[in-house]
Each structure stands twice: as structure tokens, then as C-alpha cells.
Amino acid sequence: MQDIGLDIKSVNALNKIMEKMGLLINYGNGWCTPDVGAKFSRCYKGVLNSDAWHLEFVDEIAKFLKNK
């Protein structure tokens, strides 16, 4: 995400941002996609360790971080 001026240093850091947004839930040693995050995922809700996301979620994360 550095191309849009956001410096996110790791996948875990990105997951924590997505957790704050309600797009992921920390589930033991992994991550679960709740209903809110499902609209951005190519997988169904409740999927663990989903890494198939629609590109629109980048815009949502950028908006979230810029409004903090």
C-alpha cells in the first residue's frame, strides 16, 4: 500500500487494521471473515485465513486510515 502513501509493514499489521474496521476477527491462531468483511471477500463469511479479497477493500482501508 505504499503506492498510495500508506506504510503498512506486514500482513499482521494489515490484519490488525482490518480487525479494527470489523472486516476480520482474530480467531485463535488465524483470522475469520465476519459478515461485514464478507462483502469484500471472494470467499463466504466465516472463512478462516481468507486471502482472496476484492480490490475495493484497499480503498476502504485507505479511507479508514486517512480518517484516523
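Let me start with Asn15, which is buried, with a relative accessible area of 14%. Buried here means under 20% relative accessible area, exposed means over 50%, and partly exposed lies in between, with a 1.4 Å probe and protein chains only.

A word on the source. This is a predicted model, where local features need pLDDT of at least 70 and side-chain atom pairs count only at pLDDT 80 or more, while totals for chains, interfaces and linings use all residues. Residues are numbered from 1 along each chain as its sequence is written, and side-chain values use heavy atoms, with hydrogens and water left out.

Where does Asn15 sit? Asn15 is in helix α1. Helices (H or I, at least four residues) and strands (E, at least two) are DSSP runs, numbered from the N terminus. Leaving aside residues up to four places away in sequence, Asn15 touches Leu24 and Trp31. Contact means heavy atoms within 4.5 Å.

Now the whole helix. α1 covers residues 11-21, and its buried residues are Leu14, Asn15, Ile17, Met18 and Met21. Seen down the axis of α1, these fall within an arc of 160°, so they line one face of the helix. The arc is taken from the directions from the helix axis to the C-beta atoms. What covers them? The cover includes β2 (30-32) and α3 (56-66). After α1 comes Gly22, with a positive phi near 85°.

Next, the core. The largest nonpolar core has 11 residues: Leu14, Ile17, Met18, Met21, Leu23, Leu24, Trp31, Phe40, Trp53, Phe57 and Ile61. The elements giving two or more residues to this core are α1 and α3. α1 gives the most, with 4 residues. By nonpolar core I mean a set of buried Ala, Val, Leu, Ile, Met, Phe, Trp, Tyr and Cys residues joined through side-chain atoms within 4.5 Å. Take Phe57: not counting residues up to four places away in sequence, Phe57 touches Met18 and Phe40.

Last, charge. How many salt bridges does the structure hold? The structure holds 1. A salt bridge is a side-chain nitrogen of Lys or Arg within 4 Å of a carboxyl oxygen of Asp or Glu. Here the side chains of Glu60 and Lys63 meet, at 3.1 Å, N to O. Glu60 and Lys63 are 3 residues apart in helix α3, so about one helical turn separates them. Glu60 counts as partly exposed, at 29% relative accessibility. Lys63 also counts as partly exposed, at 45%.
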